[in-house]
Amino acid sequence: MRAALRAEWPGWRLAGAAFALGGVASLGQAPLGWWWVTLPALAGMLRLVLTAARGRVWLGWFGGAGYFACALNWIVEPFLVEPETHGWMAPFAVVFLSFGLALFWAAAVWAGARGRWPLAGLVVALAGAELGRGHVLTGFPWAMPGHVWVGTPVAQVAALAGPLALTGLVLGVAALLSRARMLPALVAAALLAGAWGYGLWREGRPVPGGTGVFLRLVQPNAEQGLKWDPDLARVFFERQLALTEAGSRPDLAIWPETAVPYLLEDYPEVGARIGKAGRGSPVAVGVQRVEGWRFWNSLAVIGPDGRVMAGYDKHHLVPFGEYIPFGDLAYRWFGLVAFAAQEGNGYSAGAGPAVLDLGPKLGKVLPLICYEAVFPQDLLDAPERADWILQITNDAWFGEWTGPYQHLAQARLRAIEQGLPFVRVANTGISALIDARGRVVESLPLGETGYLDVELPAALPATPYARFGEWPVVLLLIGGAAALVLAGRRKAA
């Protein structure tokens with residue numbers, strides 16, 4: 001096996017070129033949004049892979065690693081919150097995450113670039129790899145190639161077939177450009193023009209009027225390194241109470257993820273103070289909930305009497321950040337307590353997606369906590385269609401350069417996919433009101449303390465993606481893969 005890998009190694013010059021092209025392709029992601037750079041860079045990477053005399057899989061791996069290393073550079077930020085303790089792990093996080101995720105691209109090159117039509121096979125296989133990346137081992141669909149369209153009219157295609165269709169469009173256009181011929185380039189331009197034209201048409205359609213529901217988005221701007229300091233935790237709590245009490249009374253005030261530094265079960269007076277700050281309206285807050293030794297990352301809607309009138313427990317947890325995979329099994333089988341959520345060493349997962357009925361005026365809301373907003377399939381699994389989507393998050397973990405902007409971009413995509421308004425409340429920003437077509441109506445910038453009073457936009461009818469999910473694109477990929485396999489067998493015969 002080692003000898004075979006050595007024989008296939010393309011050399012550091014080509015591997016470095018693939019890595020660089022992958023890195024340049026990532027510039028289409030937020031905050032830059034340079035999709036016009038992503039397309040030729042991906043085209044160059046595909047051409048490099050398919051014209052290489054050997055080592056195609058290596059080139060796919062290095063190309064993917066370059067893409068993910070640049071797109072996900074924010075992964076170092078959590079380790080820099082306490083650099084004296086965790087800073088040494090930051091470089092390893094970038095290397096392991098980028099080269100680990102790039103294995104999906106390497107597998108796609110191995111599977112797709114070996115048939116009668118290797119370019120078509122590679123497009124189908126890469127799209128399938130991105131589908132797998134969003135689901136395998138709880139999934140991590142961050143920085144999908146299709147996310148480069150957020151902020152352009154092309155993003156509206158997600159209402160038809162979701163983010164996988166956007167990724168297929170990126171890969172298809174890049175593949176056509178990689179041919180470096182006039183006819184494929186014209187076909188690529190026609191595809192892009194058609195998607196752009198559809199997006200402009202959809203964005204220009206009439207929008208339903210406002211709902212008459214007024215929300216307050218509270219952004220306390222608690223720096224992550226100070227957020228849990230015993231002395232400052234009270235300062236941040238009082239700050240949120242003051243922001244809730246200021247100005248006119250909204251129908252609902254919303255605080256970000258883990259905004260309350262106290263357990264409501266142990267300190268009922270905390271709930272009473274929050275209820276009083278609402279001045280007769282409920283307040284939705286991020287809390288930690290406890291039962292016995294188990295903890296949950298939760299959202300609690302606190303009524304004027306200080307009691308919890310509705311709640312939701314985060315179910316899609318961050319591996320190694322909020323829990324250790326198989327930690328409870330390790331405790332059950334080997335007695336290892338350190339990794340067990342059931343012993344309080346990590347969060348426990350909630351029951352699953354939920355829709356909270358907040359009454360006739362506020363309607364039904366689909367709650368998401370932080371990382372859950374990057375999983376389109378979780379919204380599809382909700383028990384019923386909501387009237388709006390609410391995400392509470394603490395993006396202070398993601399730094400100030402790329403992470404918060406990419407997180408916001410994915411929230412915009414979820415709004416387009418579902419045809420629902422999306423309310424986003426973040427500790428340090430970016431808090432935003434997003435309409436049902438994914439447009440940011442109002443926002444509070446990153447690093448600013450304050451609140452935003454907004455009127456909740458109306459929902460649109462359920463989109464095709466909300467009704468059928470990923471299945472149309474998945475079936476198309478399966479059909480394309482089957483056609484390519486059959487064509488290869490006919491040639492061999």
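Colleague: What classes of residue make up the lining of the largest cavity?

Modeller: Bearing in mind that this is a predicted model, the lining of the largest cavity divides into 9 nonpolar, 3 polar and 2 charged residues. That lining has 14 residues, and K227, F236, Q240, T258 and A259 are the ones nearest the centre of the cavity.

Colleague: And how much space lies in the largest cavity?

Modeller: The largest cavity holds about 80 Å³ of space, and the model has 5 cavities of 30 Å³ or more.

Colleague: What about the second largest cavity, which residues line it?

Modeller: The second largest cavity, with a volume of about 70 Å³, is lined by E130, L131, G134, H135, P141, M144, P163, L164, P376, Q377 and E470. Helix 7 (118–133), helix 8 (158–178) and helix 13 (376–380) are the elements that give two or more residues to this lining. By class, the lining of the second largest cavity has 6 nonpolar, 3 polar and 2 charged residues.

Colleague: Now the open spaces: how much space lies in the largest pocket?

Modeller: About 1600 Å³ lies in the largest pocket, which is lined by 43 residues, with V318, P319, F320, G321 and E322 closest to the centre.

Colleague: Which helix gives the largest share of the lining of that largest pocket?

Modeller: Helix 6 (residues 90–112) gives the largest share, with 6 residues. Taken by class, the lining of the largest pocket is made up of 27 nonpolar, 10 polar and 6 charged residues.

Colleague: Changing topic to packing, at what angle do the axes of helix 8 and helix 9 cross?

Modeller: The axes of helix 8 and helix 9 (residues 182–203) cross at roughly 155° and come within 8 Å of each other. Angles over 145 degrees count as roughly antiparallel, and therefore helix 8 and helix 9 are roughly antiparallel to each other. The crossing of these two helices is left-handed.

Colleague: Which residues of helix 8 and helix 9 meet there?

Modeller: From helix 8, the residues are A159, L160, L169, V173, L176 and L177, and they meet P184, A185, V187, A188, L191, A195, Y198 and R202 of helix 9. This contact has 13 nonpolar residues, no polar ones and 1 charged residue.

Colleague: And helix 2 with helix 4, is that crossing left-handed or right-handed?

Modeller: The crossing of helix 2 and helix 4 is right-handed, and the axes of helix 2 (residues 12–25) and helix 4 (residues 56–71) come within 6 Å and cross at roughly 35°. On the helix 2 side the contact is made by W12, L14, A15, A18, F19, G22, G23 and A25, and on the helix 4 side by L59, F62, G63, A65, G66, Y67, A69 and C70. By class, that contact has 12 nonpolar, 4 polar and no charged residues.

Note on methods: Residues numbered from 1 in each chain as written. Predicted model: local features only at pLDDT ≥ 70, side-chain atom pairs only at ≥ 80, totals over all residues. Heavy atoms only, no water. 1 Å grid on protein atoms, 1.4 Å probe; cavity = no way out; pocket = protein on both sides within 12 Å on 5 of 7 lines; lining within 4 Å. Points joined across faces, edges and corners; volume = space filled by probe spheres on them. Nonpolar A, V, L, I, M, F, W, Y, C, P; charged D, E, K, R; others polar. Helix = DSSP H or I, 4+ residues; strand = E, 2+ residues; numbered from the N terminus. Axes fitted to C-alpha atoms, helices over the stretch in contact; angles between N-to-C directions. Parallel < 35°, antiparallel > 145°, perpendicular 65-115°, else oblique. Left-handed = near helix turned anticlockwise from the far one by under 90°. Contact = heavy atoms within 4.5 Å.
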